[in-house]
Amino acid sequence: MASKSQHLYYRTMKRKVEELSGYYPCVLVTGARQVGKSTLLRDMMPKGMKYVSLDDYVEAEQAKKDPVGFLERHGIPLCIDEVQYAPELLRAIKMKVDAGRQPGMYWLTGSQRFPMMKGVTESLAGRIGIVELMSMSQYEIVSQGEKAVPFIPDAAPELVNHAGLCDMRLLFERIWRGGYPQLIQYPTMPLHDFFSSYLQTYVERDVQTLAQVGNKSAFVKLMRSAALRTGQQLVYSDLARDAEVSPKTAAAWVSILETSGIISILEPYHINSLKRLAKSPKLYFLDTGLCSWLAGCDDVEALMRSNISGAMLETWVYGQLLRSFANCGIAPRLYYFRDLNGAEVDFVLEKNHCLYPMEVKQSHRPNIGDLKGVTKIPTGDYELKPGLVFCTSPKVEVLRDGVIGFPISGL
């Protein structure tokens, strides 16, 4: 099968980068490795902007030893890829910006957020716009990236991605494959080859940069354990038992997974006056392809038959919701709800002083009973909106009391 060039896929984040470049001297695109940060910026570089990658050992060494000379040699405007390999550049960039501030002087990318972000906040506060790129959304994969907008349930019937609508088998194939651009560009590429290489590079480079993990095999065991628990409440003792490490070590390693853009932590919804709420957050992988591979699902049928198929649907929905906001430069106030009596709602979006409850069901026939936990959500002075059920139906369905059934494949 012929591949489609990454350059032909419109990344929704492009709009936000262009906007920030009109206001800030510097723009930083961060995110996990292989999500397309370099391709995004190289595809949209304005005329006259030069590009340099610090993956080049020679360039990185020069940037470390003589950051001011490095910037002088390359000029302005400049796109610097993998800036975390020469954090010394950040102070030199600050000096350049302060000497003659203008929008769009420097574009930066970086894969490892924690050490780099510390340098950014110390050196470039007020001078830089920051966005986080994830692997490709379904809107981007089906060539609808320009049309993507934040998913607000009020407008759900108008937000169906008709180009993405499909049957259950194809939906699970998309979930199983995930959204890393290389796998989208080469649809026949064996996933095992890609993810084996990805995992090795991630552990050897990113993880070792963030923290000196002595037992790499135990770290991989923890990743596999986390993959099998995607969509579940985060219990460090369970992960620690599987990886044969202490709960304290497990907590530190989960923090690394979050910091490096592999997982996302979803906090529980609560109001301060309510006591009877679950306190543990939930863990979600940000790419369902990586998660499926780590969980041992070697093909689509294995994923569909597995006992995590429902959790993977929920993980995919969470990832698409998150991307719909993040790709527009918005950090959504998204939570889950569960009380100590077992009442739960998969997602609660808080926006404009309203609460939008959303549930994910592996069912063709959504019904009002899918949202029975909604009545237990403490609202305070917020308006509780009619719920929404993400389901495997191929079309939007309006249920009783304004509840919407929304096709998962239409996200």
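These entries record what I looked up on one helix packing and on the aromatic rings of this structure.

**Entry 1. Model.** I note that the model is a predicted one.

**Entry 2. Helices α11 and α13.** I looked up how helix α11 (residues 216-228) lies against helix α13 (residues 247-259), and found axes 11 Å apart at an angle of about 70 degrees. Angles of 65 to 115 degrees count as roughly perpendicular, and α11 and α13 are therefore roughly perpendicular to each other. I then listed the residues in contact: α11 contributes A218, F219, L222 and M223, while α13 contributes A250, W253, V254, I256 and L257. I classed the residues of this contact as 9 nonpolar, with no polar and no charged ones.

**Entry 3. Aromatic pairs.** My search of the whole structure returned 15 aromatic pairs. I examined the pair of F151 and F406, which is edge-to-face, with 5.1 Å centre to centre and 85 degrees between the planes. I located F151 in the loop between α7 (138-141) and α8 (168-177), and F406 in strand β15 (residues 404-407). The two are 255 residues apart, and the pair thus links distant parts of the chain. I checked burial and found both F151 and F406 buried.

**Entry 4. Ring cluster.** I traced ring pairs that join Y180, F194, F195, Y198 and W293 into a cluster.

**Entry 5. Charges over rings.** I recorded R42 over the face of Y51, at 3.8 Å from the ring centre. I also recorded K282 over the face of Y336, at 5.1 Å from the ring centre.

Notes:
Residues are numbered from 1 along each chain as its sequence is written. This is a predicted model: local features need pLDDT of at least 70, side-chain atom pairs count only at pLDDT 80 or more; totals for chains, interfaces and linings use all residues. Side-chain values use heavy atoms; hydrogens and water are left out. Axes are lines fitted to C-alpha atoms, for helices over the stretch in contact, and angles run from 0 to 180 degrees between N-to-C directions. Helices (H or I, at least four residues) and strands (E, at least two) are DSSP runs, numbered from the N terminus. Angles under 35 degrees count as roughly parallel, over 145 as roughly antiparallel, 65 to 115 as roughly perpendicular and the rest as oblique. Contact means heavy atoms within 4.5 Å. Ala, Val, Leu, Ile, Met, Phe, Trp, Tyr, Cys and Pro count as nonpolar, Asp, Glu, Lys and Arg as charged, and the others, Gly among them, as polar. Rings of Phe, Tyr and Trp (its six-membered ring) pair if their centres lie within 6.5 Å; planes under 30 degrees apart count as stacked, over 60 as edge-to-face and the rest as tilted. Buried means under 20% relative accessible area, exposed over 50%, partly exposed in between (1.4 Å probe, protein chains only). A charge sits over a ring if NZ of Lys or CZ of Arg is within 6 Å of the ring centre and within 35 degrees of the ring normal.
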